[in-house]
Amino acid sequence: MSAAVVAAALRARNSFILTSHARPDGDAIGSQLSLALALRALGKDVRLINRDPIPAQYRHFPGVGD
């Protein structure tokens, strides 16, 4: 899938649910949060849902309360 196809799909939709793998690590949380921040900057509605809680060492990341 090309970057243009992904960009078009992101522009075409207004709401997103973002999730991560089980027992998320720093990479997973950071990726989830950065995509959420970028989508919100574009005026999109974003909901973050994870099966497992955020590990304590990542709870200071900006936006993790979402």
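Guide: A search of the whole structure, which is a predicted model, finds 1 aromatic pair. The rings of Tyr 58 and Phe 61 have their centres 5.5 Å apart and their planes at 55°, so the pair is tilted.

Visitor: Why does 55° make the pair of Tyr 58 and Phe 61 tilted?

Guide: Planes under 30 degrees apart would count as stacked and planes over 60 as edge-to-face, so what remains is tilted. The angle of 55° between Tyr 58 and Phe 61 therefore gives a tilted pair.

Visitor: Is Tyr 58 buried or exposed? And what about Phe 61?

Guide: Tyr 58 counts as buried, because its relative accessibility is 18% and the limit for burial is under 20%. Phe 61, at 23% relative accessibility, counts as partly exposed.

Visitor: Now the charged groups. How many salt bridges are there?

Guide: The count comes to 1 salt bridge. Asp 52 forms a salt bridge with Arg 51, and the closest N and O atoms are 3.3 Å apart.

Visitor: How accessible are Asp 52 and Arg 51?

Guide: Asp 52 is buried, with a relative accessible area of 19%. Arg 51 counts as exposed, at 66% relative accessibility.

Visitor: Let us change topic. What pattern does the chain follow?

Guide: The pattern along the sequence is α-β-α-β, with 2 helices and 2 strands in the chain.

Visitor: How do strand 1 and strand 2 pair?

Guide: Strand 1, residues 15-18, pairs with strand 2 in the parallel sense over 4 bridges. Ser 15 has Asp 45 in strand 2 as its bridge partner, and Leu 18 stands opposite Leu 48 in strand 2.

Visitor: Which hand does the crossover have?

Guide: The β-α-β crossover is right-handed; the chain passes from strand 1 through helix 2 to strand 2.

Visitor: Which residues lie on the covered and uncovered faces of strand 1 and strand 2?

Guide: In strand 1, Phe 16 and Leu 18 form the covered face, while Ser 15 and Ile 17 form the uncovered one. In strand 2, which comprises residues 45-48, Val 46 and Leu 48 are on the covered face, and Asp 45 and Arg 47 are on the uncovered face.

Visitor: Back to side chains. Where does Gln 32 lie, and is Gln 32 buried or exposed?

Guide: Gln 32 lies in helix 2, residues 26-41. Gln 32 is buried, with a relative accessible area of 6%.

Visitor: What does the side chain of Gln 32 join, and which residues does Gln 32 touch?

Guide: The side chains of Gln 32 and Asn 50 are joined by a polar contact of 3.0 Å. Setting aside residues up to four places away in sequence, Gln 32 touches Leu 18, Thr 19, Ser 20, Leu 48, Ile 49 and Asn 50. Two of these names have come up already: Leu 18 stands opposite Leu 48 in strand 2.

Visitor: And Arg 40, where is that found?

Guide: Arg 40 is also found in helix 2, and at 31% relative accessibility counts as partly exposed. Apart from its neighbours within four places in sequence, Arg 40 is in contact with Val 46 and Asp 66. Val 46 belongs to the covered face of strand 2.

Visitor: How far apart are Arg 40 and His 60?

Guide: Arg 40 and His 60 are 19 Å apart in space, C-alpha to C-alpha, and 20 residues apart in sequence.

Visitor: What is the phi of Arg 23?

Guide: Arg 23 has a positive phi of about 50°, although it is not a glycine. Most residues other than glycine have a negative phi. Arg 23 is found in the loop between strand 1 and helix 2, and counts as exposed at 70% relative accessibility.

Visitor: Finally, the chain overall. What does the C-alpha trace span, and what share of residues is buried?

Guide: The C-alpha trace spans about 35 × 25 × 15 Å along its principal axes. Buried residues make up 27% of the 66 residues. Among contacts between residues at least 6 apart in sequence, 65% join residues at least 24 apart.

Definitions and conventions: Residues numbered from 1 in each chain as written. Predicted model: local features only at pLDDT ≥ 70, side-chain atom pairs only at ≥ 80, totals over all residues. Heavy atoms only, no water. Buried < 20%, exposed > 50% of the residue type's maximum accessible area, 1.4 Å probe, protein only. Polar contact = N/O pair within 3.5 Å; in protein donor to acceptor, adjacent residues only side chain to side chain. Contact = heavy atoms within 4.5 Å. Salt bridge = Lys/Arg side-chain N within 4 Å of Asp/Glu carboxyl O. Phe/Tyr/Trp six-rings, centres within 6.5 Å; stacked < 30°, edge-to-face > 60°. Pairing = 2+ DSSP bridges. Right-handed = clockwise from strand over helix to strand, strands pointing away.
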